[in-house]
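Please read the following report alongside the sequence and the three-dimensional view. It takes up the chain in general and then turns to particular helices, links and residues.

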Amino acid sequence: MTGQGSVAGGTSGYAQRVSAFSVGFLSTLLAIFALHTVRDAPTAPGHVSSVFVERLSASNHVQGASFQAARVRTFTHWDALDAIRPRRRTPSASREIEPACSRWAVITSIFKPTVLVYQLAALSVSDGWCTVVVGDKKSPRSYLPHDFDGRVVYLSPDDQLALPFRSVASTPWNHFGRKNLGFLYAVWRGAKVIYDTDDDNRLRTRDECWEKQCFRFLNATALLSAQRKMNRLHQLKPPGGGTAKVTNPYLYFGAKTVPELDGLPASRAHRDALMRLAANALDPDPDSADFIWPRGYPLTEILNDEARTRPRDRKTERTRIRLRDVAVFQSLADHDPDVDAVYRLTRARPVEFRGNRTVTVIPAGVMSPYNAQATLFRHSAFWSLYLPTTVPGRVSDIWRSYFGQRLLWDTGMYVAFTKPWVVQYRNEHDFMKDLEAERLLYTHADALVNALNDWTCLLDRLSSCLDLLYISMYELGMIELGDVMQNHKFLTDLAEVGYEFPRLTAQARGAGTRKR
């Protein structure tokens with residue numbers, strides 16, 4: 001990982017303010033997780049790996065134990081992984097399917113339709129957008145208002161059981177991972193773009209847009225045309241001379257604490273005026289909100305050189321990467337961005353991203369966690385949509401992002417972060433429960449990044465490499481056996497609805513794998 005020493009160039013004042021965020025608090029937090037892990041020793045799917053429990057039980061409980069990504073078990077179920085080959089047909093149980101859209105939004109929810117669902121419903125089928133909402137056993141019995149006119153498809157529990165996918169029967173109930181069925185449904189119905197989102201991340205209204213298009217409410221054509229005049233994109237340039245394994249993209253988008261407003265947010269001009277009036281009383285340190293990190297970012301990297309660099313000194317650079325080479329677009333979120341429970345318990349909110357950067361690419365060989373709250377996947381990345389189900393929901397999308405990035409390097413594709421096209425008014429959460437649900441993020445993320453940077457695949461099919469990656473993660477104790485099998489079924493279902501996996505390229509593998 002990148003070092004945590006001081007950086008040159010007169011940044012000591014800013015670095016000291018960053019260091020004021022107590023390292024001792026983080027160490028205490030990890031020790032608490034260690035003790036809770038040993039005491040609770042959960043065994044149900046979606047809890048902490050039993051391998052980690054065993055390691056902690058053998059450790060000094062006063063100090064705790066640091067998770068190391070070492071092989072602790074061997075995969076022996078090779079006969080269950082049959083070959084995956086594209087089949088240019090729909091599953092045998094298919095029926096006449098309507099509507100057929102090229103762009104789909106996918107949500108899972110246990111609530112009644114939110115503002116976002118109504119916004120998505122307004123994206124008419126004629127614009128190429130449809131929405132699928134995946135229900136669960138806790139979801140309302142009656143979900144769809146009559147005025148949706150077929151633009152939103154609700155998959156009730158009974159509807160899901162009738163889907164012609166191999167992965168249906170083994171998808172757990174009351175888990176975030178039921179969204180996987182929504183992804184498959186969207187691909188089955190012709191999706192070329194999938195917007196993976198949460199029902200509490202609403203789209204910006206016209207007076208909140210950061211530019212005229214504001215991606216025209218996620219119109220994928222506008223997303224591509226917005227940068228049409230740019231021959232090359234910018235990518236982040238983390239400090240460390242190319243040795244960094246992770247980067248924190250939030251630091252490059254000008255995060256600032258803003259006043260809390262009652263109800264829906266006012267116009268940008270109104271918020272600016274309120275922020276000027278309240279700035280001194282609200283937050284005497286104008287850089288404090290700039291010190292922010294995404295959920296799933298390794299705690300060991302929060303105080304690295306990148307964080308200690310003054311905002312104006314954080315660099316991006318022109319790159320030969322074209323917009324069509326970006327397969328995943330992660331939108332930041334204003335008001336209540338996707339941060340972990342440590343941040344929510346210790347830092348000020350609401351937050352808005354006020355920087356000038358629009359689309360910024362993560363370079364190959366460097367990772368950054370992205371979520372399932374406001375993320376646009378292009379067809380070339382559909383293979384990476386699977387959400388693991390043997391880890392908690394607060395971990396699932398982050399693990400997916402790390403797994404996916406490692407193989408995106410080998411296909412010559414990239415992840416980009418964008419200025420917010422959503423505002424999140426988060427559903428009610430207990431931060432301490434979130435802290436517990438995110439435990440693996442705090443204890444395992446650093447080891448996971450290191451393991452993925454060291455991982456290679458010499459096979460010639462992307463689907464085979466995905467199987468191998470999941471097997472490797474199982475053997476390291478990052479996921480359980482159920483995810484190896486379930487991801488294979490998901491890939492098989494993709495192939496059976498006609499999805500063609502991208503090719504692995506030797507040139508991309510050379511660019512994405514570090515020289516060791």
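## The chain as a whole

Among contacts in the protein chain between residues at least 6 apart in sequence, where contact means heavy atoms within 4.5 Å, 83% join residues at least 24 apart. The model is a predicted one, in which local features need pLDDT of at least 70 and side-chain atom pairs count only at pLDDT 80 or more, while totals for chains, interfaces and linings use all residues. Residues are numbered from 1 along each chain as its sequence is written, and side-chain values use heavy atoms, with hydrogens and water left out.

The protein chain holds 17 helices and 13 strands, both taken as DSSP runs numbered from the N terminus (H or I of at least four residues for helices, E of at least two for strands). Of its 516 residues, 58% count as buried, a term that stands for under 20% relative accessible area, with exposed meaning over 50% and partly exposed lying in between (1.4 Å probe, protein chains only).

## Helices α6 and α16

Two packed helices are described by the angle between their axes and the distance between the axes. Here the axes are lines fitted to C-alpha atoms, for helices over the stretch in contact, and angles run from 0 to 180 degrees between N-to-C directions. For helix α6 (residues 179-188) and helix α16 (residues 481-496), the angle is about 15 degrees and the axes are 9 Å apart. That makes α6 roughly parallel to α16, given that angles under 35 degrees count as roughly parallel, over 145 as roughly antiparallel, 65 to 115 as roughly perpendicular and the rest as oblique.

The crossing of α6 and α16 is right-handed, which is the term used if the near helix is turned clockwise from the far one by less than a right angle, left-handed being used if anticlockwise. On the α6 side the contact is made by N180, F183, L184 and V187, and on the α16 side by F490, D493 and L494. These residues of the contact of α6 with α16 divide into five nonpolar, one polar and one charged, where Ala, Val, Leu, Ile, Met, Phe, Trp, Tyr, Cys and Pro count as nonpolar, Asp, Glu, Lys and Arg as charged, and the others, Gly among them, as polar.

## Helices α12 and α15

Helix α12 (residues 393-411) and helix α15 (residues 462-475) have axes that come within 11 Å and cross at roughly 145 degrees, and the crossing of α12 and α15 is right-handed. In this pair, F403, R406, L407 and T411 of α12 meet L462, C465, L466, L469, Y470 and M473 of α15. Sorted by class, the contact of α12 with α15 has eight nonpolar, one polar and one charged residues.

## Disulfides

Counting as a disulfide each pair of cysteine sulfur atoms within 2.5 Å, the total comes to two. One of them joins C101 to C130, with an S to S distance of 1.9 Å. C101 lies in the loop between α3 (50-57) and β1 (103-108) and C130 in strand β2 (residues 129-134), so the pair ties together parts that are 29 residues apart in sequence. Both C101 and C130 are buried.

C457 and C465 also form a disulfide, with their sulfur atoms 2.1 Å apart, and the link of C457 and C465 is left-handed, with -85 degrees about the S-S bond. C457 is buried at 3% relative accessibility, and C465 is buried at 0%. With bonded cysteines counted along the chain, the disulfides follow the pattern 1-2, 3-4.

## Residues in loops

Most residues other than glycine have a negative phi, and most peptide bonds are trans. N174, although not a glycine, has a positive phi of about 55 degrees; N174 is placed in the loop between α5 (157-161) and α6 and is partly exposed, at 46% relative accessibility. H335, again not a glycine, has a positive phi of about 80 degrees; H335 is found in the loop between β9 (326-334) and α11 (341-346) and is buried, with a relative accessible area of 17%.

The loop between α5 and α6 also holds P164, which is buried with a relative accessible area of 13%. P164 and E496 are 332 residues apart in sequence and 10.0 Å apart in space, C-alpha to C-alpha.
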